[in-house]
Amino acid sequence: MNNIARQRKSIGLTQAEFAVALGWKPSRISNYELCIRKPNLEDCRLIIDGFKKLGADCSLDDIFPRPKGDGNAS
C-alpha cells in the first residue's frame with residue numbers, strides 16, 4: 001500500500017469517494033495507488049489539497065517523500 005492509499009484509508013474514504021472529491025475517475029486514483037502511473041507535480045498538489053479539504057493533516061512530503069539519496073539536504 002502506498003502513501004496515497006494509506007492516507008485515503010486513514011480518513012475513511014473509498015477510491016471512488018476520493019476521486020469524486022478531486023473530480024477524477026476512480027481508475028486514476030487506483031492507477032496512482034497501484035503505481036501503474038505516477039502523478040505529475042500538479043496532480044500531487046491536487047491530491048494533497050484534496051486530502052486537506054477532507055480533513056487530513058498531511059504535506060506533499062508525507063504523501064510523496066523524496067527518494068533517498070536524491071542529493072538534496074534538508
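Student: Which residue follows α3 with a positive phi?

Tutor: Bear in mind that this is a predicted model. Past the end of α3 comes the loop between α3 and α4, and C35 has its place there. Phi is positive at this spot although the residue is not a glycine. The residue that follows α3 with a phi near 60° is C35.

Student: Is C35 buried or exposed?

Tutor: The cut-off we need is that exposed means over 50% relative accessible area. C35 has a relative accessible area of 56%, so C35 counts as exposed.

Student: What do the buried residues of α3 pack against?

Tutor: Let's go through the partners in chain order. The buried residues of α3 pack against α1 (3-10), α2 (15-22) and α4 (41-53).

Student: Which residues does E33 touch, leaving out those up to four places away in sequence?

Tutor: E33 lies in helix α3. Its relative accessible area is 9%, so E33 is buried, the cut-off being under 20%. The residues that E33 touches are N2, I4, A5, R8 and Q15.

Student: Which residues of α1 are buried, and what do they pack against?

Tutor: The buried residues of α1 are I4, A5, Q7 and R8. They cover an arc of only 165° around the axis, which puts them on the same side of α1. Their packing partners are α2, α3, α4 and α5 (60-63).

Student: How is the N-terminal end of α1 capped, and which residue does it?

Tutor: Here we look for a side-chain oxygen and a backbone nitrogen. The backbone nitrogen belongs to I4, and the side-chain oxygen lies 3.0 Å from it. The capping residue is N2.

Student: Which residue follows α1, and what is its phi?

Tutor: The residue after α1 also has a positive phi. It is G12, with phi near 75°.

Student: Is A19 buried or exposed, and which residues does A19 touch?

Tutor: A19 has its place in helix α2. With a relative accessible area of 0%, A19 is buried. Not counting residues up to four places away in sequence, A19 touches W24, K25, P26 and I29.

Student: How far are the C-alpha atoms of E42 and S30 separated?

Tutor: E42 has its place in helix α4 and, at 44% relative accessibility, counts as partly exposed. S30, by contrast, is one of the buried residues of α3. E42 and S30 are 12 residues apart along the chain, and their C-alpha atoms are separated by 18 Å.

Student: What is the volume of the largest pocket, and which residues line it?

Tutor: By class, the lining has seven nonpolar, two polar and two charged residues. The volume of the largest pocket is about 220 Å³. Its lining residues are N2, N3, I4, Y32, C35, R37, K38, P39, C44, I63 and F64.

How values were computed. Residues numbered from 1 in each chain as written. Predicted model: local features only at pLDDT ≥ 70, side-chain atom pairs only at ≥ 80, totals over all residues. Heavy atoms only, no water. 1 Å grid on protein atoms, 1.4 Å probe; cavity = no way out; pocket = protein on both sides within 12 Å on 5 of 7 lines; lining within 4 Å. Points joined across faces, edges and corners; volume = space filled by probe spheres on them. Nonpolar A, V, L, I, M, F, W, Y, C, P; charged D, E, K, R; others polar. Buried < 20%, exposed > 50% of the residue type's maximum accessible area, 1.4 Å probe, protein only. Helix = DSSP H or I, 4+ residues; strand = E, 2+ residues; numbered from the N terminus. Contact = heavy atoms within 4.5 Å. Arc of directions from axis to C-beta. Polar contact = N/O pair within 3.5 Å; in protein donor to acceptor, adjacent residues only side chain to side chain.
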